[in-house]
Amino acid sequence: MATAELEKRNQTAPEAQAVRNSRDALMPCADIAGSDKEAVILVDMPGVDEKSVSVILERNVLTITGTSSTVAPEGCKLVMEEFPTGEFRREFEISDEFDPAGIRGRIKNGVLTVVLPRGEAAMPKKISIAAN
Amino acid sequence: MRLTATREWPLLDELMRFQEEFNSLFDNRVREYPAMNVWMSDDKAVVDVELPGVQPGDVEVTVLENTLTVSGNRPTDGDDGKRTWFKRERPLGEFRRTLELPFAVEADKIAASYRNGILRITLPRAEADKPRTVPIETA
């Protein structure tokens, strides 16, 4: 999986966009960043607002879904379609080093941010050294 | 850290994405950024621009006769240098796109609104450019 991940990162150019997945939902583009304290998942979900987005953690799988609320303008015909709209869906496997109770999400301007804090046990610890 | 994309059919989805990206390398149809959807009627054009995470103030929309230009910058959010990126798929950075419409636009009546990451620009057709029915007199 590590190799596949690396290849995928190298493949993703600025023209990356959501693609249809095997269940005919749109697989949105995502960025994942990590630090000592937490991991952050940023997901592009244009047209999705706080009412139609959902983030569900079941066992170790975080499922993100959302439906674009963009409506076609009245009396118009679609003549050029470069980005598909509809239901977004993507799943992420979360390792148990993250604290499930501390996971929080926020959506703004069509970008969903999910913050996953590392559990106490996974935090780096400073070991005090006693003299003598 | 183990934080990878997965699904019921994880490999299939990842492969489909990979295939899509792989194909696009050999595709003459270059994917432009940002993506646009265009609707048309007799008296107007409506352009939706896919710009999630952009501040409306960072986007410039200009129209000259029948040419629409959308430009701006999509900042790299949350990049404070302290993070390690494991996956970067989202398109970021500066953009500029030009779209030629099949009619002249009434520049004073152009409307643009930004909602949930989609910029919608409504461009009414110029009155002088609209087709006119010529009355035919009977002899």
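**View 1. The surface of chain A in this predicted model.** Chain A exposes about 7,100 Å² (Shrake-Rupley method, 1.4 Å probe), and carbon and sulfur atoms supply 50% of that area. Of its 132 residues, 45% count as buried, meaning under 20% relative accessible area with a 1.4 Å probe and protein chains only.

**View 2**

**View 3. A hairpin in chain B.** Strands E4(B) (residues 59-64) and E5(B) run antiparallel, joined by six bridges; two strands pair if DSSP finds at least two bridges between them. Two residues sit between E4(B) and E5(B), and in that turn Glu65(B) has a positive phi of about 50°. Look for Leu64(B) opposite Thr67(B).

**View 4. The other partner of E5(B).** Strand E5(B) spans residues 67-74, and six of its eight residues are buried. E5(B) also pairs with E7(B) (residues 93-100), antiparallel over eight bridges. In this pairing, Val70(B) stands opposite Arg97(B).

**Notes.** Residues are numbered from 1 along each chain as its sequence is written, while chains are lettered from A and ligands numbered from 1 in the order written. In this predicted model, local features need pLDDT of at least 70, side-chain atom pairs count only at pLDDT 80 or more, and totals for chains, interfaces and linings use all residues, while side-chain values use heavy atoms, leaving out hydrogens and water.

Technical notes
Buried means under 20% relative accessible area, exposed over 50%, partly exposed in between (1.4 Å probe, protein chains only). Helices (H or I, at least four residues) and strands (E, at least two) are DSSP runs, numbered from the N terminus.
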